[in-house]
Amino acid sequence: MTSQVRVRFAPSPTGYPHVGNIRTALFNWLFSRHWGGSFIVRIEDTDVVRKVEGAVEAILDSLRWLGLLWDEGPEVGGKHGPYFQSQRLKTYHEVAERLVLQGNAYYCYCSPRRLEGMRAEQVRRKQPPGYDRHCRNLSPKERSQKEDEGITPVVRFKTPLEGKTPFNDLIRGEVVFENRAIDDYVLLKSDGYPTYHLANVVDDHLMQISHVLRAEEWLSSTPRHLLLYQALGFSPPQFAHLPMILGSDRSKLSKRHGAVSITEYREEGYLPETMVNFLALLGWSLDDKTEIISPKELVDKFSLERVSKTAAIFNKDKLSWMNGVYIRSLSLDDFTQRALPFLEEGLPASVKRPLPPDYVKKIMPLIQERAKTLAEVPELVRFFFTQELDYDSRLLIGKGMNQEVTFGALKEAKAKIAELKTFDTDSLESVLRPLAAGLGLKTGQLFGTLRVAITGQTAAPPLFQTMAVLGKEKCLERINDALENLARPAS
RNA sequence: GGCGCAUUCGUCUAGCGGCUUAGGACACCUCCCUCUCAAGGAGGAGAUCACCGGUUCGAAUCCGGUAUGCGCUACCA
């Protein structure tokens, strides 16, 4: 008997992985790494109807992206495979058959129509909906009659009519369910696929899973699973039900809450280290102040005792803040490397590709601390690449200035800049700062005007650094353009 | 309707009977820094700890009830 920790992430490929799924994966991964155990990925593709093409790849990609590598599962294999439930149907059939033989399950021939009618009636009479056990005690004769009619039955679990099923949830403590509140649920569907309940229990046992860490929505199903373990003579794993992640309106996360799939966050330019850090803190905390925490420390300190019991709302503002923190912490090279794909993608088509590496490298330090996501980098640096600036010429005229003053200031500035032999931050500052005083302008006024002329924006990286990167020629061109724009009567 | 879980600033959370005038973070506001925007620094506002009872010398912390929210109640997971 080993006390090896073996946990699994068992997604169903019925859609792209959302933050809730991934948070569950993260906690499983952290738990396994903390205890030196194994992290297993198992694909629960038992719902043929809802199966989504590409979902498995999206799930695995997301895990890899976040660094949540698995010890057993798709692609890497393992000695308890296969790790796709659709490839394990024979096992489920055998177990279901055994259950029927043992008297713990039975064939049910009820038509969907009958079940529907039954449920409607139950709801109408305000009774708890649930299977009425119509086929629970069919005689052999009745059964063969149904078989003769060509009906493919489902296999239902013969839930004990009395008693209680208690268990100790590692996060919530003692939980008890009355068996009579549990109906005879389906184990094997008529299409030959098992339901979650059967496949999950069988595989967790066969794969020697020691701890089941899953979302709270499974809490009510746990007694069903426990009853199944009992009937099968398997010793159940330990259960821990994680708090759910909710949308801003406190309902289950869905499309209307904006980005829900983890792949969308990736596309929006959130760093994987941000997601890991943020998701870890959604339902778990180290202490009363730790916000930024490394994966290593997460693994080191993770514990189920510090997992909270209450559902959490996904706070995107805080995510963005945290992403900014991580972006700023990147080395310049790393930041550049990561931003590059977003630049190639996000810059206007008119900008020549490939982007000149040296030029890009000079720009990046100017915006690194201004970017909250990688996806907004193209917008922040666009004016460095585009030929023509498109802005309202009225922006050139700063507070307390008029057209004439602005025009003169730009002209003077242009002259000073043109005289410059060395064109860098210091030389620009040494000539432009005095110029402001000479013109009787505040530095903010002169620099503001120049900023609009140079960048087409009122908010941009520091002016002199920006100009130094752009180069003398381009700066002069843009000031010329600004002068022309100013001279043109505003329409 | 039944069953289950939960309930501390708008949000994420700390708190596990006295150290709490309930701490931190995001967001918000003010000021400083400053050529704008960021970043950074200093402050501020924001929670009668859902409510009602009980236990106790003492409760956000323990117990009970109520309310509210969420989940489950499918041949979905």
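In the predicted model, Pro82 is placed in the loop between helix H2 (55-66) and helix H3 (89-102). The peptide bond that joins Gly81 and Pro82 is cis, with omega at about 0°. The loop between H2 and H3 also holds Glu75. Phi of Glu75 is near 75°, which is a positive value in a residue other than glycine. Glu75 counts as exposed because its relative accessibility is 56%, and the cut-off for that class is over 50%.

A cis peptide bond is also found between Arg353 and Pro354, where omega is about -5°. Pro354 belongs to the loop between helix H12 (332-346) and helix H13 (357-367). A positive phi in a residue other than glycine is found at Lys126 too, with a value near 55°. Lys126 sits in the loop between H4 and helix H5 (140-148). With a relative accessibility of 77%, Lys126 is therefore classed as exposed.

The protein surface around RNA strand B was examined next. There are 67 residues around RNA strand B, and those that come nearest are Asp47, Lys189, Glu369, Arg370 and Arg451. By class, this surface is made up of 28 nonpolar, 13 polar and 26 charged residues.

Several polar contacts involve a sugar or linking oxygen of RNA strand B. For Glu291, a polar side-chain atom lies 2.9 Å from such an oxygen. The elements that give two or more residues to the surface near RNA strand B include helix H4 (112-124), helix H11 (316-329), helix H17 (443-455) and helix H18 (463-470). Strands in this group are E4 (154-157), E6 (173-178) and E11 (312-313).

Strand E4 pairs with two other strands. Four bridges join strand E3 (residues 105-108) to E4, and the two run antiparallel. In this pairing Cys108 is opposite Val154 of E4. E4 is also joined to strand E7 (residues 186-188) by two bridges, again in an antiparallel arrangement. Here the bridge partner of Val155 is Leu188 in E7. In a regular strand, side chains alternate between the two faces of the sheet. In E4, Val154 and Arg156 point one way, Val155 and Phe157 point the other way, and all of them are buried.

Strand E6 takes part in a hairpin with E5, with three residues between the two strands. E5 and E6 run antiparallel and are joined by six bridges. Within this pairing, Phe167 stands opposite Val175 in E6. Strand E5 (residues 164-169) has one covered and one uncovered face. The covered face consists of Thr165, Phe167 and Asp169, whereas Lys164, Pro166 and Asn168 make up the uncovered face.

The largest pocket of the protein has a volume of about 1,000 Å³. It is lined by 35 residues, of which Ser12, Thr14, Asn21, Glu217 and Trp218 are the closest to its centre. Strand E1 (6-9), helix H1 (19-34), helix H6 (196-206) and strand E8 (211-215) are the elements that give two or more residues to the lining of this pocket. H1 provides the largest share of the lining, five residues. By class, the lining of the largest pocket holds 14 nonpolar, 12 polar and nine charged residues.

Arg266 is located in helix H8 (residues 262-267). Arg266 counts as partly exposed because its relative accessibility is 38%, a value in the class between the cut-offs of 20% and 50%. Leu188, the bridge partner of Val155 in E7, lies 78 residues from Arg266 in sequence. The C-alpha atoms of Arg266 and Leu188 are 38 Å apart in space.

Conventions: Residues numbered from 1 in each chain as written. Chains lettered and ligands numbered in written order. Predicted model: local features only at pLDDT ≥ 70, side-chain atom pairs only at ≥ 80, totals over all residues. Heavy atoms only, no water. Near = heavy atom within 4 Å. Polar contact = N/O pair within 3.5 Å; in protein donor to acceptor, adjacent residues only side chain to side chain. Nonpolar A, V, L, I, M, F, W, Y, C, P; charged D, E, K, R; others polar. Buried < 20%, exposed > 50% of the residue type's maximum accessible area, 1.4 Å probe, protein only. Pairing = 2+ DSSP bridges. 1 Å grid on protein atoms, 1.4 Å probe; cavity = no way out; pocket = protein on both sides within 12 Å on 5 of 7 lines; lining within 4 Å. Points joined across faces, edges and corners; volume = space filled by probe spheres on them.
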